[in-house]
Amino acid sequence: MLALDADIQVQGPGGTRRIASSAFFQDLFTVDLQPDEIIVSVRFTPVRPGRLTFFCDKKLLFFKSHREKGMTGTIEVREASPEESRVP
């Protein structure tokens with residue numbers, strides 16, 4: 001979600017709010033979600049098919065070596081068929 005700049009929509013008794021994934025994930029086990037809220041949707045920024053390079057800030061990683069140096073990688077984006085796009 002971070003690499004694709006997702007927006008996360010949450011809903012609770014106070015209503016609905018959208019949170020950028022960069023603000024939602026605050027730490028390894030901490031997210032911007034109140035106890036009475038649930039995630040109702042995740043929206044990704046449309047991108048063209050191809051490979052994207054990403055960098056993950058070290059505070060969100062499980063492995064000590066990654067936390068110290070951060071982690072880079074690539075994500076392959078491809079067009080999905082209508083069947084692949086549906087959530088069961």
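## Elements of the chain

Helices (H or I, at least four residues) and strands (E, at least two) are DSSP runs, numbered from the N terminus. By this rule, the elements of the protein chain run β-β-α-β-β-β-β-α-β-α from the N terminus on. That amounts to 3 helices and 7 strands.

## Basis and confidence

This is a predicted model, in which local features need pLDDT of at least 70, side-chain atom pairs count only at pLDDT 80 or more, and totals for chains, interfaces and linings use all residues. Residues are numbered from 1 along each chain as its sequence is written, and side-chain values use heavy atoms, with hydrogens and water left out.

The pLDDT is the predictor's confidence in each residue, from 0 to 100. The protein chain averages 78, and 73% of the residues score at least 70.

An open sheet of 3 strands has the order β2-β1-β5, with antiparallel pairing. The edges are held by β2 and β5 (38–43), each with a single partner strand, so one side of each is left without a neighbour in the sheet. From one strand to the next, the twist averages 25°; axes are lines fitted to C-alpha atoms, for helices over the stretch in contact, and angles run from 0 to 180 degrees between N-to-C directions.

Two strands count as paired if DSSP finds at least two bridges between them. Strands β1 (residues 7–12) and β2 (residues 15–20) run antiparallel and are joined by 6 bridges, and the hairpin between them passes through 2 residues. In this pair, glutamine 9 stands opposite arginine 18 in β2. Strands β1 and β5 are also antiparallel, over 5 bridges, with valine 10 opposite isoleucine 39 in β5.

## Burial and surface

Of the 88 residues of the protein chain, 18% count as buried (under 20% relative accessible area; exposed is over 50%, partly exposed in between; 1.4 Å probe, protein chains only). Isoleucine 39, in strand β5, is partly exposed, with a relative accessible area of 44%.

Isoleucine 39 also belongs to a nonpolar surface patch of about 330 Å², made together with Met1, Val42 and Phe44. Patches are made of residues with over 30% relative accessible area and no salt bridge, with like charges joined within 9 Å and nonpolar side chains (Val, Leu, Ile, Met, Phe, Trp, Tyr) within 5 Å. A salt bridge is a side-chain nitrogen of Lys or Arg within 4 Å of a carboxyl oxygen of Asp or Glu. Accessible areas come from the Shrake-Rupley method with a 1.4 Å probe, and for residues only the protein chains shown count as cover.
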